[in-house]
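Welcome! Let's take a short tour through one protein model, looking at how its pieces pack together.

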Amino acid sequence: LTSIDVKVPGDISAATFWMVAGICHPDARIKIVNVGVNPTRTGAIGVLKSMGACIYYQSERMEGSEEVADLVIESSSLEGTEISGDIIPNIIDEIPALAVAACFANGTTTFKNAEELRYKESDRISKTVKELSSLGASIEELSDGMIIQGTAGLKGGVCEANGDHRLAMALGVAGI
């Protein structure tokens, strides 16, 4: 084996939590540097932008064979939407974070066709509904997703992620 130098960009899935934190915070502008923005992985950005999120790329570049950019996120006024169909496989791991964003949107956000969430580290549909409800979210469980009535905020509380790192991060963002 021969060693080589490789730059590994930041994971867009992990960056989604910080994007939601910046979007939902009333006075934020954050920059996340060196994030992989391969179009097959940026579904969460597309969903958030469709809701009205202010997200834009800076310093777009190729590093090795990967598309990379710095992401700039600003506080945003979000609108509810339906998230279903072909986009779901591209955002399946980001749905708990997107559900937090939906709590701050005006109107209704519906997630459908996401039954795979029931078979992750936890039943992410049931747990997301239960934990966000405990924080004041108006949220209803569906067999394949959830319906969230945006309330423009959440209240404090105690949550349990049951060892599910994505749920823990989403709940941490909800606490911000």
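The crossing of helices α1 and α2 is right-handed, meaning that the near helix is turned clockwise from the far one by less than a right angle. The model is predicted, so local features need pLDDT of at least 70 and side-chain atom pairs pLDDT 80 or more, while totals for chains, interfaces and linings use all residues. Residues are numbered from 1 along each chain as its sequence is written, and side-chain values use heavy atoms, leaving out hydrogens and water.

Helices here are DSSP runs of H or I with at least four residues, and strands are runs of E with at least two, numbered from the N terminus.

Ile12, Thr16, Met19, Val20 and Ile23 of α1 meet Ala44, Ile45 and Leu48 of α2, where contact means heavy atoms within 4.5 Å.

Now for another helix. Is Ala101 buried or exposed? Ala101, in helix α4 (residues 95-103), is buried, with a relative accessible area of 0% (buried means under 20%, exposed over 50%, partly exposed in between, with a 1.4 Å probe and protein chains only). Leaving aside residues up to four places away in sequence, Ala101 touches Val20, Cys24, Leu48 and Leu78.
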